[in-house]
Amino acid sequence: MLNNEQKQIVTLLVNESLDKAEKHWKDGGHLLSSLDFRLNEALDTKAEIEPSKIPGHPFVQDDETIIDEFIALVADIRNSSEHLMCATSEKHSKVSGIQRVYYETSALLPALAQAVKFENGNVTEYLGDGVLALFKVDVNDKKKAIYSAHQAAQNCLADVRAIVNSELKSRYRLPELDLGIGLAMSKTIVTLVGLEGEKHPKAIGECIYRATKLSGGTNRIYIDTHVEAAWPTSKGGILKFISKSLGGVKGYLISNK
């Protein structure tokens, strides 16, 4: 769980993000139509070496081969396309359609990133309605990354979701957001992708694919087989791993015995 100071930081961040979103909407965002809705990442435009948010790799060089191990965390909003395409009655909320999605993502995405950063991970990509975060795995201490990633996932699902939903309800009378979170571990290639002068640091590995599939639950955290196999065991442990496949990927739901 987040401590009180961390909750205050996230609450302040959510409010500041929503204030900015409301300003941008007022200044011209309202002219968008739902058919034109896109959230694109801004790419840096350097040629051979790029600054990076990938943990352990502050710079990525074009001609260097990097193999590293990460736990990928993917968290996203469940049924966000319905929020975009289905109008909400004015009797129930103040905003709907593209304005609703814009406010929801403006509040949620930086809050998720902050919760990840509290646990020494980093968001490397924003996925429109969610985030991809990475936690670097030390081959000699895998449990540290596992505990950090799982704690971040729990904080996102419990505290961040509660804070964001509270603000969205008080400001716009919006119904609660549901989240899905997946965790997966594998080796990755860290490289630059894209056109010359527009290359973007990227980690490419099975963990990202599997975490994306395992984020398909509703207010649940699913881990892949590699995280489950490496999970530290202790006598009299209180956790139970329930096998379940999502999107064709085998995973496990963690619950208390």
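Rings of Phe, Tyr and Trp (for Trp, its six-membered ring) are said to pair if their centres lie within 6.5 Å; planes under 30 degrees apart count as stacked, over 60 as edge-to-face, and the rest as tilted. By this definition, a search of the whole structure finds four aromatic pairs.

The structure is a predicted model, in which local features need pLDDT of at least 70 and side-chain atom pairs count only at pLDDT 80 or more, while totals for chains, interfaces and linings use all residues. Residues are numbered from 1 along each chain as its sequence is written, and side-chain values use heavy atoms, with hydrogens and water left out.

**The chain as a whole**

The secondary structure of the chain comes to six helices and ten strands; helices (H or I, at least four residues) and strands (E, at least two) are DSSP runs, numbered from the N terminus. Of the 257 residues, 48% count as buried. Here buried means under 20% relative accessible area, exposed means over 50%, and partly exposed lies in between (1.4 Å probe, protein chains only). A contact means heavy atoms within 4.5 Å. Among contacts between residues at least 6 apart in sequence, 69% join residues at least 24 apart.

**Aromatic pairs**

A pair of aromatic rings is described by the distance of the centres and the angle of the planes.

| Pair | Centre to centre | Angle between planes | Type |
|---|---|---|---|
| Tyr102 and Tyr103 | 5.9 Å | 35° | tilted |
| Trp231 and Phe241 | 5.5 Å | 70° | edge-to-face |

Tyr102 and Tyr103 also belong, with Tyr172, to one aromatic cluster. Tyr103 counts as buried because its relative accessibility is 4%.

Where do Trp231 and Phe241 lie in the chain? Trp231 is in the loop between helix H6 (225-230) and strand E9 (239-246), and Phe241 is in strand E9, ten residues apart. Trp231 has 9% relative accessibility and therefore counts as buried, whereas Phe241, with a relative accessible area of 25%, is partly exposed.

**Strand E9 and its partner**

Two strands pair if DSSP finds at least two bridges between them. E9 and strand E10 (residues 249-256) pair in the antiparallel sense over eight bridges.

Not counting residues up to four places away in sequence, Lys244 touches Tyr222, Val249, Lys250, Gly251 and Tyr252. Of these, Tyr222 is 22 residues from Lys244 in sequence and 8.5 Å from it in space, C-alpha to C-alpha.

Leaving aside residues up to four places away in sequence, Ala152 touches Leu73, Ala115, Val116, Glu119 and Phe135. Ala152 and Lys117 are 35 residues apart in sequence, yet 8.3 Å apart in space, C-alpha to C-alpha.
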